[in-house]
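How do helices pack against one another in this structure? Please take a look at the model before reading on.

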Amino acid sequence: MSAPIAHGGAIAAAVARFGGTPDAWLDLSTGINPCPPDLPHIPAEAWHRLPDKSLVQAACEAAGTFYGSGSLAPLAVPGTQAAIQLLPRLVGPGKRAAVVWPTYGEYERSLAAAGLPVDRLDRPEDVDPQRHGLLVVVNPNNPDGRRHKASLLEDVASQLRASDGLLVVDEAFADAESGAGLVPLAARHDNLIVFRSFGKFFGMAGVRLGFVFTRAERAATMSDWLGPWSVSGPALAVAAELLRADTRALRAVISERHAGLRRVLETASLQIVGGTNLFALVRHDNARGLYEHLCRHHILTRPFDYEATWLRFGLTPNETSDARLATALAAFGKS
């Protein structure tokens, strides 16, 4: 097994090294909305009973409407990370896997850990349908925010289908973007699998909930692999309520926080080289030094071991945090 991948949100490790208390840190290391909506009422039975079919169905119906899947019912999973662990089982014998790189590292790690050869591709269209049984594309991409047109991905899905290959499109960061993504097309391509993450847009990553959109037979197989009651009752209850709610105010807050972050970074003359509405990627010749400088101010960002000049900034929760970040950035190199 390869070494664990470093992810954002590692406040405990940052506190152990740089001091302070967790609640005093400004965590900008993730791509999670820092301004979640109010937690809806969770019925007592969601805590006291195993989640029955009606609760699962309510959440999945709300997700289908929210993401625009039409008649294709999604599979609820305990976070899309759980679905990633199942992907190696879907690759045909003798086939390789491919990942459009750089991207979320758990895809490559999970596939390789299962003994699959994994190729890193620069573009989705570089896939070889004869060699690759599965291609992963994160769209918009994490961490650079690259976006691929739906028409291109449909063409790639069609190419892979000819040799029984699968296309996995992770749209974890698409909720805060304009456009519906590929979910409405999942019913049209029986070799397409689309992941959606509940926690990033709604700012509730702790509920561990995601949805998989793919043909019914494959979804049923993946459900069997996960086993019964894989998603908690409270998570399903929260999703059923929030996915039906009006999200215009939530989108406006994310847009305002995104604009605030960009203003701070641009004022500090940092080079923004990518991102989504939920994070910005910066290139800096001394990104590691900037990362540690911010840590000494108890501000956590996300460095990358495979690209030493990159630093990712998540959204700040308010203007006070904007000012705190701006002050810390202005002090870089002056001490």
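Predicted model: local features only at pLDDT ≥ 70, side-chain atom pairs only at ≥ 80, totals over all residues.

Start with helix α10, residues 248–267. It packs with α12 at an angle of about 20 degrees. Their axes lie 9 Å apart. Angles under 35 degrees count as roughly parallel, so α10 is roughly parallel to α12. The crossing of these helices, α10 and α12, is right-handed.

Now look at the residues in this contact. From α10 come Glu-256, Arg-257, Gly-260, Leu-261, Val-264 and Leu-265. They meet Glu-319, Asp-322, Leu-325, Ala-326 and Leu-329 in α12. By class, the contact of α10 with α12 has six nonpolar residues, one polar and four charged.

Move on to helix α11, residues 287–296. Its partner is again α12, which spans residues 319–330. Here the angle is about 125 degrees, and the axes are 10 Å apart. That angle makes α11 oblique to α12. The crossing of α11 and α12 is right-handed.

Which residues in α11 meet α12? They are Leu-290, His-293 and Leu-294. On the α12 side are Leu-325, Ala-328 and Leu-329. The contact of α11 with α12 divides into five nonpolar residues, one polar and no charged ones.

Four charged residues belong to the contact of α10 with α12, while the contact of α11 with α12 has no charged residues.

Definitions and conventions:
Residues numbered from 1 in each chain as written. Heavy atoms only, no water. Axes fitted to C-alpha atoms, helices over the stretch in contact; angles between N-to-C directions. Helix = DSSP H or I, 4+ residues; strand = E, 2+ residues; numbered from the N terminus. Parallel < 35°, antiparallel > 145°, perpendicular 65-115°, else oblique. Left-handed = near helix turned anticlockwise from the far one by under 90°. Contact = heavy atoms within 4.5 Å. Nonpolar A, V, L, I, M, F, W, Y, C, P; charged D, E, K, R; others polar.
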